[in-house]
Amino acid sequence: MLHSIVEIMTPFLLAGLGGLFTEGAGVLNIGLEGLMLIGAFSAAAVAGTSGNLLMGTVAGVGISAAAAYLYATAALRLKANIFIAALAVNLLAIGGTQIAAHLLFGTKGVIEFTSFPSLPSISIPLLSSIPVLKGFFTDHSLFVYIAFLLVPISAWLLKATPFGMYIKAAGLNSTALFTRGIAEQRIKVLAITISGITCGLAGASLSFNLGAYVPNITSGRGWIALVAIFLGYKRPYGIFLVALLFAAAELAAQSAQGIAGAPSSLLLAFPFFITFIGMIIFSALHALLLRLQEKNR
Amino acid sequence: MHDTRPASTFLSIGVAIAAAILAMIVALPLLSNSPVQTLYSFLMGPFRNWFYMGNFLNRVGLYIIAGLAMIIAFQGGMFNLGGEGQVYAGALSTTMFLLSVPKLIGPVGVIGAVCVAAGTGALIAGLSGLLKMKWNTDELISSFLLSSSLVYTIDYLVSGPLRNSESFLLSSSEIASKFRLPQLLPPSHLNLSLLAALLLIGLGYKYLFHTSSGYELRMTGLNREFARYGGIPIQRYYFIPMALSGGLYGIAGCLYVLGTSFATMQGSTSGMGWNGIAIALIARIHPLLLLPAAIIFTYLEFGAENAMIYADFSFEFGAVLQAIVLFLVTARFSGFRVLRKKGI
Amino acid sequence: MGNIDLVDITKYFPENGVIANSTVNLRIEEGEIHAIVGENGSGKSTLMHILSGLIRPDKGSIRMNGKALRINSPHEALEQGIGMVHQHVQLVREFTVLENIILGREPRTWWGRIDSPQARSRIQALIQEYNLQIDLDRPAYELSTEGEQKIALLALLYAGVNYIILDEPTTLFEEDETDLLHRVLEKLRSHNYTLILITHKLREALHYADRVSVMRGGRRITTLSTQELSQGELSNLMVGSDSIPGQSLKLQKAQRTPPKNLPPTAPPTAPQTATSTTAHTTPGHVNPSPILQLQDLTYRPGADNAALPALHKVNFEVHPGEALAVTGIRENGLETLEQLLSGFLLPSSGGILYKEASIAGLPIRELRSRHIAYIPTERLLRGASLDSSVAENMILLNYRDFHGWGRLKKEEIEHFTGNLKQLFNIKASPKDRLSGLSGGNIQRVIISREIINSPELLIFSEPSWGLDIAGREFVFDKIAELTSRGSAVLIITSDIEEALECADRIVVMYRGSVNGIVQTDQVDKAEIGRLMLGVNSYA
């Protein structure tokens with residue numbers, strides 16, 4: 001069971017970590033969904049036609065990152081609103097992938113490839129024998145382990161390096177960076193591009209796991225990742241936890257479908273709804289915490 | 001509140017439209033076998049005959065209401081991202097209400113339905129506002145989450161428990177004909193709701209600029225500290241903009257059912273929430289610019305759909321167009337306070 | 001290093017229609033301390049913003065030793081060794097002092113980590129050398145303005161510049177008799193830094209600088225050595241009016257005609273002599289029973305605002321018809337007092353009574369409904385809606401009067417705004433966006449709004465902040481007008497001269513306590529200065 005949870009949580013984790021960088025830089029990145037979709041499509045298209053997973057991954061990450069870089073630069077350079085630009089990316093992703101699918105594969109629905117390379121599962125030697133942690137380290141794709149690694153790496157980057165400091169400063173007071181001679185726009189573009197990279201990975205993991213590309217393969221994961229950032233208190237380890245919890249909830253929902261035959265559309269509602277409740281609980285607790293702090297003065 | 005340099009306003013809108021049309025011109029040879037004909041149906045979409053014109057104007061009316069919903073939210077400094085769910089819920093509540101009161105006289109039923117739909121939308125959006133007020137929950141995310149849950153839930157309801165067994169469509173039962181709005185230009189869908197939309201523009205403008213509450217709402221949206229300093233009761237202006245916004249979205253859904261679809265069909269109102277945002281932005285979040293903004297946007301969307309139908313495939317190209325328009329329209333103006341708070 | 005020449009600098013702001021700098025030529029000599037003085041709007045700030053890379057000139061160039069420099073951003077200015085300490089320092093408030101100082105120049109270890117110990121030791125050395133005491137681990141938001149400017153200065157020293165521009169540095173070390181600023185400046189000079197001071201305070205300019213340049217109307221009028229220059233002469237150059245040479249400002253003011261909107265039954269102003277310090281108040285008309293009473297007001301800061309100074313048993317009263325100034329070094333409790341009075345903070349003990357009822361902790365709404373007006377120090381942030389029109393800003397306190405049920409009483413708004421415009425000399429049209437107005441005019445909009453409603457008590461913090469000489473006089477006149485009509489005015493100011501000019505009585509704060517309450521016509525500046533520094537407690 002833990003195994004499935006880990007599989008489910010990986011896209012959330014990847015997208016969430018990337019989004020954390022942009023969030024730190026003061027940009028609410030609602031384009032995560034679109035970027036993930038672009039990544040999923042590109043990765044599937046290249047991997048399916050070339051038969052090579054690595055190439056597919058590179059394509060997915062590269063194109064997604066390029067899209068992120070473009071929308072960031074265009075928005076910041078033209079002084080368009082970055083938020084709306086992200087909405088535009090989402091829309092473009094939906095439309096663009098359809099058009100590309102039509103042009104390249106003659107369909108706008110499911111793209112099945114004659115022979116899609118299978119995703120190898122790896123087990124980490126020592127860690128897969130530890131009883132409790134076994135589920136984390138046994139029989140997973142490389143994507144999962146990359147996601148795991150990214151957690152401490154992001155934490156370190158954000159806390160201990162100048163780059164992390166710049167990102168935080170960009171979010172808190174970008175004018176301060178400007179007066180110190182740091183190009184704060186470039187920091188933001190970089191942060192958004194990072195989210196493009198991780199979303200590309202997330203998307204690739206989705207389509208590789210499926211062995212095909214279906215429209216709306218991301219079905220809201222980008223948005224959930226966003227929420228995971230907030231619920232995870234904007235910290236990498238927090239995001240890890242929330243993604244874990246969320247994946248568990250989704251697994252529960254899927255089992256419920258299997259057992260009680262709950263209809264699929266209701267199922268789609270479930271993750272959103274439970275995140276909504278989670279948000280309420282979190283805010284209430286947070287407010288309570290603040291009030292307690294004040295009382296203790 | 002809107003940009004005091006009209007030249008750049010119209011310039012960026014003009015650029016957006018030009019780019020959209022250019023995109024179509026570029027894409028068509030790739031996508032269509034008869035690009036000229038397709039382009040023709042794109043550009044001349046609504047003008048080809050009264051049927052198209054009627055449907056065009058009908059949609060303009062509905063989009064005006066959606067745009068107004070977002071304008072009020074934005075002016076109040078709130079970001080209502082739950083439009084999709086609020087419209088859909090408005091449509092469903094209208095349908096369910098009218099189906100459950102078959103004995104009511106026509107006009108009374110209509111008024112009742114409008115109230116029910118507005119109330120539904122207001123409650124949903126208002127909840128996000130309340131959460132923000134009490135616990136500083138980000139209303140953007142909470143409204144989006146709630147709305148997405150609702151959309152899928154209503155999808156399920158309409159294709160399941162509430163489904164009309166006699167129809168092939170995934171739809172609820174239809175409302176009685178006495179509740180339906182008079183059609184102005186049959187066989188098109190154009191109905192009285194267009195007039196309602198125009199009326200609402202006037203009401204919206206009056207509220208925002210000619211009432212105390214509107215002044216309070218706008219000042220709070222622009223600078224919370226300023227409003228607090230002046231003695232404006234800012235706490236209630238987390239809830240009020242959201243509730244008004246949700247209520248308007250609900251009305252849009254209601255009028256859609258009353259005048260166009262006469263039932264709640266799965267996915268029928270899809271897109272109205274997002275488009276409301278786009279139109280509000282094109283209108284520089286000023287009510288008096290809603291009519292031209294809605295016309296421009298609907299023209300593009302309409303054209304894209306017609307072109308696609310003619311060229312015999314139904315794409316999400318409309319989505320691409322919308323993206324281009326959205327993006328370019330926001331280019332070059334340094335953003336409204338509320339958008340700035342959320343992003344850059 | 002070398003001399004810096006600003007050559008033919010021209011800058012035009014289309015959104016204001018203002019020519020901020022008009023063919024300005026200015027030479028800064030290596031190693032000197034150069035002051036640039038001028039009124040608000042004279043262009044001195046713009047000029048230095050151009051030098052420090054914040055703004056790009058429309059025409060002209062900057063040269064060092066004759067060679068043209070490319071300064072298109074603060075980054076490039078810093079590369080050339082030119083840095084600026086702004087009046088409003090741009091900091092990341094959530095970062096610590098240390099982090100703010102090293103921002104942009106972080107030392108790294110070989111594998112990318114920030115090398116904090118190295119940074120710390122370097123900064124400590126700088127702190128010792130220049131006597132800029134500051135706690136490196138405090139979060140920046142806890143710091144006062146003085147602390148923020150220290151951070152900015154240390155950041156520049158840490159980054160390694162040669163030319164330092166200081167924008168209104170004397171607000172840093174207000175009325176500090178030990179002349180800390182002077183020592184810091186001299187130390188910097190001894191280390192071969194070239195210093196440029198932007199200031200509108202003439203006394204300080206003459207005191208600290210070697211040479212002074214006068215800006216007026218976007219032009220450099222002249223540059224003179226400060227050796228033989230007097231304040232009066234400098235003032236004339238700055239203002240450029242036909243003021244009688246040799247007389248002090250106060251005397252000139254006393255000889256002006258009184259403001260035209262004093263009601264006809266206004267009592268005559270007291271006869272003027274050269275030593276009289278209050279031209280405005282008429283002691284005979286002060287109501288003996290107080291309208292505002294502070295009783296043993298005490299505040300002890302908590303954990304999260306530990307930097308806020310404490311207040312100990314502050315006692316004083318304000319009477320209708322009088323202007324009372326509370327003055328002192330800002331860090332000695334002025335801000336705390338302001339926050340307590342405006343309901344932002346709750347007292348730890350003691351009370352604030354208004355008309356014998358407690359107003360401690362009440363929100364501003366409540367205060368306003370009791371006819372208390374409040375003009376905070378942070379006027380632009382809290383008192384203005386920059387994206388709204390002038391009219392919308394003006395009606396903030398009275399908007400209900402102008403909105404009916406969907407009816408906007410346009411004529412009445414016009415009448416109201418026109419009235420305000422005229423009475424307060426505001427150069428703007430009601431439909432203009434507030435952000436397009438000059439700083440001085442924005443201030444007038446904010447101030448006029450409060451005063452026009454004839455409040456019974458006006459709490460006015462730092463009245464002449466952001467105003468030039470003309471504006472300053474204007475505000476003082478208005479305060480006098482209010483008191484003559486029977487209102488009470490409580491002024492909180494760190495400017496002794498301001499207190500002496502406006503107020504009937506002065507409460508002097510020292511280290512959070514009242515160190516003296518004096519009648520204005522019985523003290524002079526030196527006396528108040530002593531009280532501010534803890535000497536001669538009267539209380």
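A crossing of two helices is called right-handed if the near helix is turned clockwise from the far one by less than a right angle. Keep that in mind, everyone, for the helix pair coming up in chain A. And a word of caution before we go: this is a predicted model.

So, to chain A. Helix α1(A), residues 2-24, packs on helix α9(A), residues 221-231, and α1(A) passes α9(A) in a right-handed crossing. The axes are 8 Å apart and the angle is about 60 degrees, which makes α1(A) oblique to α9(A). Who makes the contact? On the α1(A) side we have Pro11(A), Phe12(A), Ala15(A), Gly16(A), Gly19(A), Leu20(A) and Glu23(A). Facing them from α9(A) are Arg221(A), Gly222(A), Ile224(A), Ala225(A), Leu226(A), Ala228(A) and Ile229(A).

Now on to chain B. How many helices and how many strands are there in chain B? The count is 14 helices and 0 strands. Of the 344 residues in chain B, 61% are buried. If you take the contacts in chain B between residues at least 6 apart in sequence, 77% of them join residues at least 24 apart.

How far do we trust chain B? The mean pLDDT is 84, with 85% of the residues in chain B at 70 or more. Within the chain, confidence is highest in helix α10(B), residues 236-261, at a mean of 95, and lowest in helix α14(B), residues 337-342, at 44. The pLDDT is below 50 over residues 1-6 of chain B, a stretch with 13 contacts beyond near neighbours in sequence. Residues 332-344 of chain B are also below 50, and that stretch has 35 such contacts in the model. Where pLDDT is low, the predicted coordinates should not be read in detail.

Last stop, chain C, and here we get a sheet. Six strands form an open sheet in the order β6-β7-β8-β3-β9-β10, with mixed pairing. Why is one side of β6(C) and of β10(C) left without a neighbour in the sheet? Both β6(C), residues 82-85, and β10(C), residues 219-225, stand at the edges, so each has a single partner strand. From one strand to the next, the twist averages 20 degrees.

Let's look inside the sheet. Strand β3(C), residues 33-37, pairs with β8(C), residues 194-199, in the parallel sense over 5 bridges. Val37(C) is opposite Thr199(C) of β8(C). Lying across β3(C), β7(C) and β8(C) is helix α6(C), residues 180-190, which runs at about 150 degrees to β8(C).

Key: Residues numbered from 1 in each chain as written. Chains lettered and ligands numbered in written order. Predicted model: local features only at pLDDT ≥ 70, side-chain atom pairs only at ≥ 80, totals over all residues. Pairing = 2+ DSSP bridges. Helix = DSSP H or I, 4+ residues; strand = E, 2+ residues; numbered from the N terminus. Axes fitted to C-alpha atoms, helices over the stretch in contact; angles between N-to-C directions. Contact = placed C-beta atoms within 7 Å. Buried ≥ 20, exposed ≤ 12 C-beta atoms within 10 Å, placed from the backbone. pLDDT = per-residue confidence, 0-100. Parallel < 35°, antiparallel > 145°, perpendicular 65-115°, else oblique.
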